[in-house]
Amino acid sequence: MTAPNALTIPGLETVYDTLATAIDQAGPEKTELFLVKLALLNANALGDTELFQRHLQAALKDL
């Protein structure tokens, strides 16, 4: 599932760190709401419902 404009490993690490900080900032009572809002914003930016659904399935694997 690698896109032509996929992030590098350092880029992914930056995104991970930023996401972890934002989750901490949202707090445990708002984490789910924050993640849903983030997913919807990213789905809109992605602009491809089928690709978003594939990403969802990939994220659900091995939880």
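**Exercise 1.** How far apart are the end C-alpha atoms of α1, and what span should its 18 residues have at 1.5 Å a residue?

*Solution.* The model considered here is predicted. Step one: the expected span of a helix is 1.5 Å times one less than its number of residues. Step two: for the 18 residues of α1, this rule gives 26 Å. Step three: in the model the end C-alpha atoms of α1 are 25 Å apart, which agrees with the expectation. Step four: beyond the helix, α1 is followed by G27, whose phi is positive, near 85°.

**Exercise 2.** Classify L7 and L63 as buried, partly exposed or exposed, and locate each in the chain.

*Solution.* Step one: buried means under 20% relative accessible area and exposed means over 50%, with partly exposed in between. Step two: L7 lies in the segment before α1 (9-26). Its relative accessible area is 48%, so L7 is partly exposed. Step three: L7 also belongs to a nonpolar surface patch with I9, L12 and V15, and together these residues have about 380 Å² of accessible area. Step four: L63 is found in the segment after α3 (49-60). With a relative accessible area of 85%, L63 is exposed. Step five: the C-alpha atom of L63 is separated by 17 Å from that of V36, which is 27 residues away along the chain.

Methods:
Residues are numbered from 1 along each chain as its sequence is written. This is a predicted model: local features need pLDDT of at least 70, side-chain atom pairs count only at pLDDT 80 or more; totals for chains, interfaces and linings use all residues. Side-chain values use heavy atoms; hydrogens and water are left out. Patches are made of residues with over 30% relative accessible area and no salt bridge: like charges are joined within 9 Å, nonpolar side chains (Val, Leu, Ile, Met, Phe, Trp, Tyr) within 5 Å. Accessible areas come from the Shrake-Rupley method with a 1.4 Å probe; for residues, only the protein chains shown count as cover. A salt bridge is a side-chain nitrogen of Lys or Arg within 4 Å of a carboxyl oxygen of Asp or Glu. Helices (H or I, at least four residues) and strands (E, at least two) are DSSP runs, numbered from the N terminus. Buried means under 20% relative accessible area, exposed over 50%, partly exposed in between (1.4 Å probe, protein chains only).
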